[in-house]
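Let's walk through this one together, one question at a time. Have the sequence and the 3D view open before we start.

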Amino acid sequence: MLNVASRNQGTHNKIQFCLDGVIHGVSDFDPTLSLLDWLRFQACRTGTKEGCAEGDCGSCTVLVGTLYDDRILWRAVNACILFLPMVDGKALITVESLAKQDDMHPLQKAMVELHGSQCGFCTPGFIMSMYGRTIGASGTCNASLDDVLAGNLCRCTGYGPIIAAANAISLEQRDDASDITRLRSIARKEMLHLIYDDPLAGIQRHWFTPTSVSQLSDLLLSHPDARVVAGATDVGLWVTKQHRMLDKIIYLGEVTELNQLIECENEVVIGAGVRYNDAHAALYRLHPDLGLLVRRIGAVQVRNAGTIGGNIANGSPIGDMPPALIAFEASLTLRLGDVRRTIPLEKFFLEYGKQDRKTSEFIESMSIPRPKNGDIIRIVKLSKRFDSDISAVCSAMLIRLEAGRIVHARIAFGGMAGIPKRAIHCESQLIGSDWSASTLELAAQALAKDFTPLTDVRGSAAYRLKVAGNLLRRLWLEQDGTRATVFDVEAVHG
Amino acid sequence: MDNATRSDRLNGIQHSVAQTASKSTVSEALAHDSAVLHVRGQATYVDDSPEAKKLLHLAFGMSQHAHARILSLDLTAVRSSPDVVAVFTADDIPGENNVGPVAKDDKLLADGLVEFVGQPIFLVAARSVLAARIAAKLAVIEYEVLPAWITISDARTAGSLIEATQRMKRGEVDPELAKSIHRIQGSIEIGGQEHFYLEGQVAVATPTENRGMYILSSSQHPSEIQHLIARMLCRNSADVTVEVRRMGGAFGGKETQAALFAAAAALVADKTGQPAKFRCDRDDDMIVTGKRHDFLVDYDVGFDDRGCIDAIRLEFASRCGATLDLSSAINDRAMFHADNCYYLKTVEIISHRLKTHTVSNTAFRGFGGPQGMMAIERAMDAIAVHLEFDPLDVRIANFYRSGRDVTPYGMKVEDFVVDQIVQELRKSSAYDARRAEIAKFNLEQGFLKRGIALTPVKFGISFTTTVLNQAGALIHVYTDGSIQLNHGGTEMGQGLYIKVAQIVADVFGVPLCKVRLTSARTDKVPNTSATAASSGTDLNGMAAYNAATTIRNRIAEFIAARHQVELERIVFANGQVMVGNERHSFEEVCRIAYLGRVSLSSTGFYSTPKIHYDRATHQGRPFLYFAYGAAVSEVVIDTFTGESRVLRTDILHDAGRSINPAIDLGQVEGGFIQGMGWLTTEELVYDSKGRLLTHSPSTYKIPCASDRPVEMNIQLWKPGINREPTIHRSKAVGEPPLMLAISVFSAITQAIHSATGSRTIPSLNAPATPERVLLSLDK
């Protein structure tokens, strides 16, 4: 049962958000209702579409605006896996927001004129992703169009006309003044706590949005059974696909301290609530390969919601980021009540589906040491599709040389075991040996002692083992600085 | 094509559909009819219609086994789940329990036996989508599991056929093969493909007065749904109306597969008297609906020193799934396209159609053609590797030409232009120079290898089931000069509606804004064929042309008589009607015709001439004409990882005299990318129990923006004209470009070959995933 204290901490059974200049209040609803279903079936704004209900196709893309001091940061997100309470205090833009009466936005005109739609079903999502880019929404600055559009699938056009339309549009400054005023008027001063008696599930549902880490820590002590949600890019699917009845959710998105990222001289410290896109630049500065890895995790919409903390906490065997972070010897700070402990990240993953997290404990931050100058670093993600795919194999290699000998080696893989894991035999083979092709060959062969990978839809065991070794072999040929992959070359001229 | 070229070609795009075109609208590069609605989020799809108050939401209870007898079905928990209103099984179906198009073997709800994982067993109607989906998982079902054939080889071993093996043959292959100077044998597996229309399957059924039923469906084939539902509910077809305004993509996946959901909705609406909507979950959609057939091809080919084929035997085996669906025609079309552009003097094409305990495979853009074409293109590549020739030279050596111009099914190829297209493309793409440079690159470079390939396409146009080649249209002209256009074709994004509107506006000489497009409805045009086989514009465009011409001629005759001028001096153009030297507005003429009691409404009909086919002998002229095109693709592969990327693609495609070059280019570009996905990243994986493991976009990867070739140059072939009298001498363009993507697969093959240097072709199967590419480098 809930204690009285936490009930009193929470306010209202109602959330508020701003859409097209109107403040909407929604109360007495299932807190796992998606923003998409609210838009389509409560607000009858059917321009936003459901293509997959799992955050992969982008047909439901909308922009969510968060007030930071005196400006709004817009983020393109997948409305299908965004729980409605996550937009409390936010501003929204949907495809219906863009045209003013008969006057379409230049982007819409360009899409018409350049034949960017065929069946039209994915179009609203594309419009929103592209509109996000025109107003400098999160994750779009300096990003290629391929990257900006990677979260939107189109099955008709082949993308050319859409890219042409996006290219035809100049960037613009969106006037957010009135939305800023409205958002200030609905800014929440205390924790949100929603309670909903769900007749369908036959349960009482609770949603908490703590605003400070101490509130979070207290909540987890009083509700050890609560599900902690950051971006909901995974938990959202538990609801849309598995129909799991989540009765208590604690949402991290508004916990100020967890949203901090600090770049120190020797390390980068990332709060557990920091979204991928908000960490992207800092990770790129830490090492370009880390930045490129982030660019291939999900797509803009997923990176605008998903967090590295969430990625670690859910303990996927692929683990988008963990192999790289393990190679960099990242550490994890967990907190239980007021007690913190810091462990090497690799120790967090115990076995498939099992992590070293105690009841009521949560990840507060991770710290990634900066590599040393001259370290040989290579992070490679292999997947069927370049963008928005889950790796068959993800490898991260960090090798340090002194006078032509390997003095330090950290080789970590995702997709090779039940957890993201170091290749200990491979590392032993490397450390103390000459930096040479034959050393790498022996190290590649040692992987067979480290891993017995599985066969699944992403790749066979044989492929995984072979390609993992090949990544070590290829490292030798890449060391002169020419890292030509298939993604870096152009057609011949003839 | 870079943007500049694209814009140049599409000069005229400022005439959006809502504006006035001052001259003939035919051949204008106009925007899609709904483009403005699309970009504003105002185009209404089935799920966007306002929901009725008492609307019920549906979900299927689905089989967990590939092949099993249902011993008992306990639905107690399903019925008592919150918000459930009703649950139905096969016993509740008043009439025929069938949603299949040809054989009556596709059950709406399983009747004691299940034959694939995901097969619907019962149907839940609830007050919300979630309530229905939750309840659907609560049944307690006792199965007696039976042996299941999942793969092609399982079924082959078991001799499990869905229909008799078909043979098409000319001459005696074995003696010719034995005599040939060169002879090679090989095989290739060609994977299936999920349609991944962005709008999932959906239908709403609403009971109407006096036992009527109105269905809003996302379907390529409203008439079939009408007829199936009438038989299911023991009604007349006239009692059932099916409407389709637009689909959010279909690609063949809503030709027969939409019927399941529409029939389910109609059953519930009939039983409960309440409207019912079935919006299928994406994962369920991918599990429950059929896909492109996967094929296994064995070839045995004899050829001379120039690579010219003396004799070839092609043996196809395809996974048809649990029921017949359209597998007969699909596999026939694979046989029809096993020649592609090549004269096969002595030939035997054998086609095994295997019954497996997997979802019934179905129509998908190309309809078997792509698989047939892949087979022969594989043989071309194999011959080239064997002779160490440029594969393009082998292809050209085998082209149809005078005296070598009869297909294996006895049709004379009268309109062959691919030799000209290939010649032009070879030059414009700098194929030879690039091939030389690539050879140099491959010698010098370390672990990246490139490949380039030019492959042609010849695709037969017409339904091979001759009867289907008919269409109707209905046009009303109102006294204000506005025109309402209806025809039997459905809009799935392919631009059919705008093309037909252009044709009609042209007949009346009015701007496009005068023509209002209306939904395909079975109560307006009856007994339509599916919008399929690329035939939409050929059939419906001509039917609408005939309807419009009928009305225009009536008006013209009336006006000519009234004004005492010769009929030839009545000219409809620029929104006006010239009556001799007098100028009248179209509106005025319509009003006068009305006052003169002239009918301003007409149907129009068209049936394709010349075609005939005898399936027993596999001889005849199944096609009115062929569409042609060619593509050059350059790829690069990483020999350490197997990753590949398409660096450049050049396409030259023959759309005849294009009715709308913008729409046609869109079909070419989109079709190519879809084909590229089929042959590269899109992999369907079933486990040994017949469960589809790749049932969501997280595991099934269609191309993204970044998969598009880095450089793309697409042109419609300027001299293109249909030698047959099709509507404005245009050519069908929906399916053929998909097969241009075979150039990508061949280029990857070339790249692998350059790394292995072997005298036999790399053993690469489709799709060429990184894993397949890497493993083929070993062989």
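Q: Before we look at which residues meet, what counts as a contact here?
A: Two residues are in contact if their C-beta atoms, placed from the backbone, lie within a set distance of each other. That cut-off is 7 Å.

Q: Which residues of α20(B) meet α19(B)?
A: Keep in mind that we're looking at a predicted model. On the α19(B) side, the contact uses B:Ile748, B:Ile752, B:Ala755 and B:Thr756. Their counterparts in α20(B) are B:Val773, B:Ser776 and B:Leu777.

Q: How many nonpolar residues does the contact of α19(B) with α20(B) have?
A: Sorted by class, this contact has no charged residues and two polar ones. The nonpolar count is five.

Q: At what angle do the axes of α19(B) and α20(B) cross, and is the crossing left-handed or right-handed?
A: Helix α19 covers residues 742-756 of chain B and helix α20 covers residues 770-778. Their axes come within 9 Å and cross at roughly 35 degrees. As for the hand, the crossing of α19(B) and α20(B) is right-handed.

Q: Are α11(B) and α12(B) parallel, antiparallel, perpendicular or oblique to each other?
A: Helix α11 (residues 369-387) and helix α12 (residues 391-398) of chain B have axes 8 Å apart and pack at an angle of about 120 degrees. Roughly perpendicular runs from 65 to 115 degrees, and roughly antiparallel means over 145. The angle therefore makes α11(B) and α12(B) oblique.

Q: Which residues of α12(B) make the contact with α11(B)?
A: From α11(B), the contact takes in B:Met380, B:Asp381, B:Ile383 and B:Ala384. By class, the residues of the contact are five nonpolar, no polar and two charged. The ones from α12(B) are B:Pro391, B:Val394 and B:Arg395.

Q: Which residue in the hairpin of β21(B) and β22(B) takes a positive phi?
A: Strands β21 (residues 570-573) and β22 (residues 576-579) of chain B run antiparallel, joined by four bridges. One of the pairings puts B:Val571 with B:Met578. This hairpin has two residues between the strands, and the one with phi near 55 degrees is B:Asn574.

Q: Which helix of chain A lies across β17, β18 and β19 of chain A?
A: These strands belong to an open antiparallel sheet in the order β17-β18-β19-β20 (chain A). There, β17(A) pairs with β18(A) (residues 393-402) over seven bridges, with A:Ile379 opposite A:Ala396. The helix runs at about 35 degrees to β18(A), and it's α18 (residues 461-478) of chain A.

Q: Which helix of chain B gives the most to the side that touches chain A?
A: Between the chains, 89 residues of chain B are in contact with 76 residues of chain A. The chain B side has 40 nonpolar, 26 polar and 23 charged residues. Giving the most, with seven residues, is helix α18 (residues 661-679) of chain B.

Q: What is the radius of gyration of chain B?
A: Chain B has 20 helices and 29 strands. The globule rule gives 28 Å for its 779 residues, and the model's value is close to that, so chain B is as compact as a globular protein of that length. The radius of gyration of chain B is 27 Å.

How values were computed: Residues are numbered from 1 along each chain as its sequence is written. Chains are lettered from A and ligands numbered from 1 in the order in which they are written. This is a predicted model: local features need pLDDT of at least 70, side-chain atom pairs count only at pLDDT 80 or more; totals for chains, interfaces and linings use all residues. Ala, Val, Leu, Ile, Met, Phe, Trp, Tyr, Cys and Pro count as nonpolar, Asp, Glu, Lys and Arg as charged, and the others, Gly among them, as polar. Two strands pair if DSSP finds at least two bridges between them. Axes are lines fitted to C-alpha atoms, for helices over the stretch in contact, and angles run from 0 to 180 degrees between N-to-C directions. Angles under 35 degrees count as roughly parallel, over 145 as roughly antiparallel, 65 to 115 as roughly perpendicular and the rest as oblique. A crossing is left-handed if the near helix is turned anticlockwise from the far one by less than a right angle, and right-handed if clockwise. The radius of gyration is taken over C-alpha atoms; the globule rule is 2.2 Å times the number of residues to the power 0.38.
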